[in-house]
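Here is a quick briefing to read alongside the sequence and the 3D view. Keep the structure open and click through the residues as they come up.

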Amino acid sequence: MIRSLPRSKTYDWSFNLFIILYFTFLFAPLLVTCVLAFNDSNFPSLPWHGFSLDWFIADGPERIGLFHDDQNLRSIVTSFQTAFFVAILSVIVGTCASFLFEKEEFRFKGVLYFLMLAPLVIPGVILGISLLLAANTAGTFFDETFGLDFDLFRPSFWLVVLGQFSFISTFVTLVVSARLRKFDHSLEEAALNLGATQLGVVWHITLKFLRPAIIGAGAVAFLMSFENFNTTLFLVGSKPTLPINLYLQVRDGSTPVINAVSFMLIVGTSLMALVNLYFTKKEE
Amino acid sequence: MSRSRLAFWIFFAPVIMWLLLLIVLPHLDLLTMSFRGENDYGDPIWTLQNYKNFFTEPVYWLTFVRTALYAIITTFITFLLAMPVSFYIAKLARARAQGALMIMLLLPFWVSELVRIYGWMILLRESGVLNFFMLKLGIIDTPIEMLYNDATMIMGLVYTSMLFMVVPLVSVMESLDDSLIEAAHDLGAGHLTIWRTIILPHCKPGITSGSIVVFMLALGNYLTPNLMGGKNSLWFTEQIYNQFIASFNWNQGSAFGFLLLLLSSLIIWLGLKLTRQKLGEVAS
């Protein structure tokens, strides 16, 4: 049944087979996507026509590789910018939130904690349309009362950042809170006894202790933002992020350039995930 | 220890801004918008028309019921598949293989959902890789279209949300003491009895949190039904998208959005009630 108990050969073999099949199911689509990025063919399908880097480096006129495809390159840059700002913002606010919920006592704390968790159970699409509506309402209000016109209130880069930030902060809060719970309070008390100020203690001692959790949460926030689709779909303006741009291309038919982009994404995220993992392991 | 008011406000201000401006107000706006409409002269009025449309137009409520049912089916299939996988990782795999298996399990989910769906598309479509091999092997004579039907769509939904079931199940199974299973085995209990009386009851918290997340992700998914489902397999999020972006009827779209939010909250609440858990416990 389990490791320490005697098991029949059939039981072991059928279980192993099941696991192999499961991992095939898990990796088949990714593997196929990567392999077909290097096929010397105009369609992302078999038969295999030989190895080619055309879909990465060709610069026309028949084939335009990824590195000469302005539209895809621009969307990659946009995604990086978005993810950067979302990670910074959500790390700051998420850390504040975990301090607030773990260390402070105030009225309506329960209500506020519930609200902080709410984005976990709000579907991304709903979050997107709510923010679109609210931005529109706010835009109309400022326009009619003050005659002011803000870009922020129209589907735009910053609205996407705010939309992603609104739910990614919850994840950061949960990760940082978990680490903060393990913090030894006598360290803080010692520093206070030795004459440190309240904020000085937070800055020099507590934040230092939280650093691995904060960096980890920041990396996760970056990845979550980079691949977000549902919320972004409704808030995106004239500068599409990579997932939105890819979606539009996949919907209208596909070229191996999409495979090339996917290949880069798979390699990039795998590397980032492994680096993140390595550092968490080292920390333990 | 007396805490300074300054520290409290530094933590409190950004958090309240985030929750109030980006979570509470937008959803209140969603609610009010869903009760707004125009009378025959085009003046804005309060109305229940948007909700009336939902109940009188079969397309709308049928899609709604379909989405809910399929999300439940998806959750159940994911659970059935995740259970043996997590059991293998937690209780059967050799200790050294465990870490590697976990990493392999996580990796595909760091890659954007769009890339994963795209991988399935080039595998399954009429000119896809699977058809190519089946033709070569002589299993079929003419290529079959495996995309654009409900079964494939559910497979895609299971695939994209798998991880959120496996991870909580693995962690809850690791906390199960092996000696309990050994004792039951020594006392002559069969596999079925052990599963029914020891493993499943112990895993209940993991099953709940996994199911809630998977259900919510399936319900709010837009990409998978849109790209893998057929013309007739409308998903409710697509209805919302159509109202917002295609018909530009924001009031109707808000009503739909609010109904979807209501449904997901209701089912999550029910799940928590049935297993007597709190949202906070499930989240952490």
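Predicted model: local features only at pLDDT ≥ 70, side-chain atom pairs only at ≥ 80, totals over all residues.

**A valine at the chain boundary**

Setting aside neighbours within four places in sequence, V24(B) is in contact with L115(A) and L19(B). V24(B) sits in helix α1 of chain B, which covers residues 5-34.

**Where chain A meets chain B**

- On the chain A side, 92 residues are in contact with 94 residues of chain B.
- How many salt bridges does the rule find across the interface of chain A and chain B? The count there is 0.

**Helix pairs**

- Two packed helices can be summed up by the angle between their axes and the distance between the axes.
- In chain A, helix α3 (residues 70-103) packs with helix α10 (residues 242-251) at an angle of about 150 degrees, and the axes are 8 Å apart.
- An angle over 145 degrees counts as roughly antiparallel, so that is the label for α3(A) and α10(A).
- On the α3(A) side, the contact is made by Q71(A), N72(A), S75(A), I76(A) and S79(A); α10(A) brings L242(A), P243(A), N245(A) and Q249(A).
- Sorted by class, the residues in this contact of α3(A) with α10(A) are 3 nonpolar and 6 polar, with no charged ones.
- In chain B, helix α3 (residues 58-92) packs with helix α12 (residues 236-246) at an angle of about 140 degrees, again with axes 8 Å apart.
- The contact of α3(B) with α12(B) splits into 4 nonpolar and 4 polar residues, and no charged residues take part.

**Salt bridges**

- Side chains of opposite charge can pair when their charged atoms come close.
- Searching the whole structure turns up 6 salt bridges over all chains, and three of them follow here, starting with chain B.
- K91(B) and D178(B) meet through their side chains in a salt bridge, at 2.7 Å from N to O.
- This pair links distant parts of the chain: K91(B) is in helix α3 of chain B and D178(B) is in helix α9 (residues 178-186) of chain B, 87 residues apart.
- Both K91(B) and D178(B) are buried.
- R66(B) forms a salt bridge with D150(B), and their closest N and O atoms are 3.2 Å apart.
- R66(B) lies in helix α3 of chain B and D150(B) in helix α7 of chain B, so the pair ties together parts that are 84 residues apart in sequence.
- D150(B) is partly exposed, at a relative accessible area of 25%.
- Over in chain A, the side chains of R251(A) and D252(A) form a salt bridge at 4.0 Å, N to O.
- R251(A) is partly exposed, with a relative accessible area of 42%, whereas D252(A) is exposed at 62%.

- Most residues other than glycine have a negative phi.
- F108(A) is not a glycine, yet has a positive phi of about 60 degrees.
- F108(A) is in the loop between α3 and α4 (109-121) of chain A, and at 59% relative accessibility it counts as exposed.
- Y148(B), also not a glycine, has a positive phi of about 60 degrees.
- Look for Y148(B) in the loop between α6 (129-136) and α7 (150-161) of chain B; its relative accessible area is 43%, which means partly exposed.

**A buried threonine**

- T231(A) is in helix α9 (residues 230-235) of chain A.
- Why does T231(A) count as buried? Its relative accessibility is 1%, and buried means under 20%.
- Not counting residues up to four places away in sequence, T231(A) touches G124(A), L127(A), G128(A), G163(A) and F167(A).

Technical notes: Residues numbered from 1 in each chain as written. Chains lettered and ligands numbered in written order. Heavy atoms only, no water. Helix = DSSP H or I, 4+ residues; strand = E, 2+ residues; numbered from the N terminus. Buried < 20%, exposed > 50% of the residue type's maximum accessible area, 1.4 Å probe, protein only. Contact = heavy atoms within 4.5 Å. Axes fitted to C-alpha atoms, helices over the stretch in contact; angles between N-to-C directions. Parallel < 35°, antiparallel > 145°, perpendicular 65-115°, else oblique. Nonpolar A, V, L, I, M, F, W, Y, C, P; charged D, E, K, R; others polar.
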